[in-house]
Amino acid sequence: MMLVDVSDTTGSAEGTSVKMDMKHVLQTDKISISNAEFLSMRTGGGASDFKTLVTAPGSGFMILPVNITMLVTYASATQTAAVNLFAGYDPTTATYYTSQYRNFMRNITTNSTFTLPIIGATNGIHSASIDNLPLVMYSSLNFSGGFSADVYVTYKIQKIF
């Protein structure tokens with residue numbers, strides 16, 4: 001990628017051209033999840049039962065998540081059931097995932113911040129290739145609490161070679 005460093009005027013008064021390798025580029029997206037979306041979220045459901053964090057990157061590319069941070073806004077109705085929150089590539093199973101937060105928002109009655117560790121399940125992050133798969137968020141059961149969240153996902157799109 002060609003960039004112009006405006007702080008370096010050795011090349012011209014407007015700046016100096018510099019190269020940057022794309023392998024160093026990270027991106028952060030903000031995704032909002034409403035209370036209604038949390039209430040309908042669950043493993044193994046249909047298309048409305050998970051939230052897409054990063055859309056499929058195209059054939060020959062994969063999404064490599066670096067960090068997932070959630071700013072949760074508590075509204076009402078405390079979450080009392082033990083529901084696990086997942087980020088991964090396959091919302092039909094709780095066996096394979098990239099990140100998990102056990103008992104998400106359970107008995108929490110204030111606004112909270114969560115960082116979901118990128119760890120993967122015991123069996124790996126997916127049962128097949130993650131070529132051209134979206135990164136999605138889903139849960140082990142439906143939530144019952146009253147909260148919403150802004151999710152900040154930092155990731156890299158990697159060419160498979």
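The legends below describe close-up views of a predicted model.

View 1

**View 2. The pairing of strands E6 and E9.** Strand E6 (residues 85-88) and strand E9 (residues 135-139) run antiparallel and are joined by four bridges. Leu85 is found here opposite Ser139 in E9.

**View 3. Pro117 in the loop between E8 and E9.** Pro117 belongs to the loop that lies between strand E8 (112-116) and E9, and with a relative accessible area of 37% Pro117 is partly exposed. When residues up to four places away in sequence are not counted, Pro117 touches Thr98, Ser99 and Gln100. Pro117 and Gln100, 17 residues apart in sequence, are 7.1 Å apart in space, C-alpha to C-alpha.

**View 4. Met105 and Asn107 in the loop between E7 and E8.** Most residues other than glycine have a negative phi. Met105, although not a glycine, has a positive phi of about 60 degrees, and Asn107, also not a glycine, has a positive phi of about 60 degrees. Met105 counts as buried because its relative accessibility is 1%, where buried means under 20%, whereas Asn107, at 52% relative accessibility, counts as exposed, which means over 50%.

How values were computed: Residues numbered from 1 in each chain as written. Predicted model: local features only at pLDDT ≥ 70, side-chain atom pairs only at ≥ 80, totals over all residues. Heavy atoms only, no water. Pairing = 2+ DSSP bridges. Helix = DSSP H or I, 4+ residues; strand = E, 2+ residues; numbered from the N terminus. Buried < 20%, exposed > 50% of the residue type's maximum accessible area, 1.4 Å probe, protein only. Contact = heavy atoms within 4.5 Å.
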